[in-house]
Amino acid sequence: MAYGRYALDYSLSTYLCDLTFMQTINSNKKNTLSWLWLMALTVISTFIGLVINNKALFIASVLFIVFLKGQQIIDIFMELAHAPKLWRRLLLGYVTLLPIIIGFIYIL
Amino acid sequence: MSNQLNDSINSNPEFTLVGIKNEQILEKCLPGDLAMWFFILAELTVFAILFIGFAVSEQLNAEMFIEGKAKLHQISGLINTLTLITSSFFVALALNAMHKGDGKKSAKLLVIAKLVASVYIAVKVWEYMSLFDQNIDIETNTFFTLYFMITFFHLMHVLLGMVILIFIAMKAANNEYNASNISGYESGASYWHMVDMLWIILFPLIYVI
């Protein structure tokens, strides 16, 4: 009986997970806006050197754009915005810490 | 029944069923298999070491890296970034279609994603060939050793990702995925997004800064 209740809870939670996931997270409009934002950021980061002459500011700007793009991919494309916090934080930590480390190497 | 359930879930964050709150349900939603996420973390770690190694080498050989970067085709790097982002976008749309039970549409979107990604491969091969024509290869200097090593390693990940997407598209076309059996699809999609995310760091590091 106890096992049966566990199986029922599990299957319901899986079903509800999928149901809520589909309705609250997956949105073609959200994906499209994110895609446009990523494309715009890519073009900006490629040519930002033409308007920023200060090397440190240029590197910091490019690396900040890396963080912004990484956050979009993690939260929208990978759909981790509503994933267990540990996994979202691990991935966001990656796109935060790695640019900071690279920035320190280049700027200092 | 299903619509009433949906309304209850969406209108009330405190909605509970079998003791599970709506917010708690959302918290639990890790797309794909847990094993795939550990694999993704391992891949990200390997690339982080390569990226940091590249940055440190650049500081130790500043002039060599400036000369090396000047020989790269920045626009091809830009095109590759745009193609990978667009490909990732179509994979996200394909997963949405699969969540809605439309396997055929999902498979078509995955084919578009692969076609866009094949532009990346064509551009990358062209880039390598144009460097070889200038007698530049992996042994030319430290910059090009790292350039070829990192970009080729990434290219291998793109090719593996494309193989995974082919399998997913075939299964999606046959409607082999459903609400309770979509983990494999989500794992493959997550892997593809990881490949995209790595290029987003690689591109500015090698081509822009």
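Are B:Lys69 and B:Glu58 buried or exposed? B:Lys69 is buried, and B:Glu58 is buried too; buried stands for under 20% relative accessible area, exposed for over 50%, and partly exposed for what lies in between (1.4 Å probe, protein chains only). The model is a predicted one, in which local features need pLDDT of at least 70 and side-chain atom pairs count only at pLDDT 80 or more, while totals for chains, interfaces and linings use all residues. Residues are numbered from 1 along each chain as its sequence is written, chains are lettered from A in the order in which they are written, and side-chain values use heavy atoms, with hydrogens and water left out.

The side chains of B:Lys69 and B:Glu58 form a salt bridge, 2.9 Å from N to O. This pair links distant parts of chain B: B:Lys69 sits in helix α4 (residues 62–70) and B:Glu58 in helix α3 (residues 34–60), eleven residues apart. A salt bridge here is a side-chain nitrogen of Lys or Arg within 4 Å of a carboxyl oxygen of Asp or Glu. Helices are DSSP runs of H or I with at least four residues, numbered from the N terminus.

Over all chains, the whole structure holds three salt bridges. In chain A, A:Arg88 and A:Asp75 are joined by one of 2.7 Å, N to O. It connects distant parts of the chain, with A:Arg88 in helix α4 (residues 85–107) and A:Asp75 in helix α3 (residues 55–77), 13 residues apart. A:Arg88 is partly exposed, at a relative accessible area of 27%, whereas A:Asp75 is buried, at 7%.

Another salt bridge pairs B:Glu127 with B:Lys124 at 2.8 Å, N to O. Both residues belong to helix α6 (residues 103–133) of chain B and stand three residues apart, about one turn of the helix. B:Glu127 and B:Lys124 are both buried.

Conventions. Helix = DSSP H or I, 4+ residues; strand = E, 2+ residues; numbered from the N terminus.
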